[in-house]
Amino acid sequence: MTSAFSTVSPIDGSALPDVAATPIGEIDELVAKARLAQRAWADKSVADRIAALVPARDRVLDRAEAIAKKIHDEVGKPEVEALLGEVLPSADVFNYWSESIEELLEQREIDLDKLSYPGKHGVIHREARGVVVVIMPWNFPFALPLRTIVPALLAGNAVVFKPSEVSPRCGALVAEIFDKLLPEGVFTIVQGGGDAGAALCSADVDLVVFTGSVASGRKVARACAEKLVPCSLELGGKDAAIVLADANLERAANGIVWGAMMNAGQNCAAIERVYVEASVAKELTEKIVAATKALRAEDVGPLTTSAQRAIVARHVSGAKKGGAEVLVGGGEDDVESPYRATSDEKGYAYAPTVVAVADDESDLMREETFGPVVPIATVASADDAVKRANASKYGLTASVWTKSAKRGEEIAKRLRAGVVTINNHSFTGAIPAAPWSGHGETGYGITNSALALEALTRPRFVLVDRSRGKKELWWYPYTPALRTIALAMAVLRSGTAGLFAKVGAFFRLLGGFSKRWK
Ligand code: NAD
């Protein structure tokens, strides 16, 4: 039987340890157990839940080296990148939520007009959503799941987590972080492929938090719509970097190369399009090419799957056929390159590549490439750059490179993106207090920040009425006096009625009241 899971190392083709799949037939039962456990978990105080999770944060830090090595072995990411991008930010996630969750979940009283609502007192409580399914991709296999799992648990939910079939061993690392810290059923891992994900979406759950491709995201949205279960979707990206003529070109080139090549470009927020103003296009391109040539194999790992390498190669060769010029990389000619893509049968390396493009017609400029490729297009003006950046069906993050913070901020307001960074790119996903979201086919999920709690919790409004009257004004019977009162109130609340009309309405109101309560 073929495995649902990745079986070979993307680095050298060696065998990876076996993983046991969760039988699909057991998923409903696991979810039922989670539901049972959730009630008792939600009844605990927030302080108790925080205390239960603190050791998990320490495990992340104490096992930093081992976690980074396992991530490297399974998905090919350089170990230092795993430390900086997966381990340390995950500890920050625990810290941020442990420090803020109590206040964020605090009940809040609403203002009620004493005249209209006498004796009434209303409070908004935030309660856990219930059983939350977390379905994740392979590109940040440790940090991404934790960004949702930690606040979901602290808010009182039970979590059922399904890692990608490409990174099940990293998924198991996440589960080990919580091992024996939580009551049984509060955190459950389900190992499997798309069929396991689909089974989870059709199970008796309260929310699906999904990160992955647009194609799978649509399936998740359909399945959730069928059951009227909410889902949060964080999908693909095609981020643009806009370089203005006044930019610090050295910084822009270095930042763009990092923003495009980090994680071998397998980042939803990788720079996949550069729009540079014509007067500095040549100089910026030269600097980007030089910085790319200086990259070493230990800086940029291989692609994680052969399918991903095939997409990258197809996008680059398609753009070439359409007239684009490969300035460095491309994976074909350089026999000396440590990244040779075509002759290396074992690993999935692809040479960091820079391409000069004339238009946005190719797949390289329209579809998500998810590889170490920087396409550069020259534009006549910043307006032109904004127009082309916004023309994508995606809208995750974008960056503007300029010495003028004011101009950068003005352009940021016009960009169709969930995150805009000025003179930097994409790293804000590691800041737990900063919301991460998108437009269009990037989906409508929000990760990180207090705003993420909107999906992970639901409001319950409780109103206590201490009035002693036999009836409310608006209860039966509907008499002419009640009609008079309603019409008088409309005049009194109107912004356009004059003083004379309001005085008249006031007296009609008093008359109405005296008849109504007679
Ligand atoms: P994918 O869609 O192939 O898989 C993602 C997850 O969905 C996996 O766990 C998979 O098993 C599961 N799945 C597949 N079919 C399913 C179904 N019918 N029902 C439920 N679950 C199903 O995506 P991938 O290749 O693992 O990830 C790469 C994609 O993720 C890229 O498009 C990338 O941009 C995106 N991504 C987005 C963000 C973001 O924040 N917007 C972050 C990281 C990755």
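Start with Glu368: an N or O atom in its side chain is 2.5 Å from an oxygen atom of the ligand, a polar contact in the sense of a pair of N or O atoms within 3.5 Å. The protein buries 89% of the 850 Å² that the ligand exposes when taken alone, with areas from the Shrake-Rupley method and a 1.4 Å probe. Keep in mind that this is a predicted model, where local features need pLDDT of at least 70, side-chain atom pairs count only at pLDDT 80 or more, and totals for chains, interfaces and linings use all residues. Residues are numbered from 1 along each chain as its sequence is written, and side-chain values use heavy atoms, with hydrogens and water left out.

Back to the ligand's oxygen atoms. The side chain of Trp138 has an N or O atom 3.1 Å from one oxygen atom of the ligand, and for Glu234 a polar side-chain atom lies 3.4 Å from a ligand oxygen.

Now for the rest of the shell. There are 29 residues around the ligand, and Glu165, Ser213, Ser216, Leu235 and Glu368 come nearest; a residue counts here if one of its heavy atoms lies within 4 Å of the molecule. At least two shell residues come from each of α7 (194-202), β6 (207-211) and α8 (214-227). Helices here are DSSP runs of H or I with at least four residues, strands are runs of E with at least two, and both are numbered from the N terminus.

Next, take a look at Thr305. You'll find Thr305 in the loop between α10 (278-293) and α11 (306-321). A polar atom of the Thr305 side chain lies 3.0 Å from the backbone nitrogen of Gln308. Leaving out residues up to four places away in sequence, Thr305 touches Val166 and Tyr348, where contact means heavy atoms within 4.5 Å. Is Thr305 buried or exposed? Thr305 is buried because its relative accessible area is 16%, and buried means under 20%, with exposed set at over 50% and partly exposed in between (1.4 Å probe, protein chains only).

Finally, zoom out to the whole chain. The chain has 17 helices and 17 strands, and its C-alpha atoms fill a box of roughly 100 × 55 × 40 Å along the principal axes. Of its 518 residues, 51% are buried. Among contacts with a separation of 6 or more, 73% join residues 24 or more positions apart.

Notes
A polar contact is a pair of N or O atoms within 3.5 Å; within protein, one must be able to donate a hydrogen and the other to accept it, and residues adjacent in sequence count only if both atoms are side-chain atoms.
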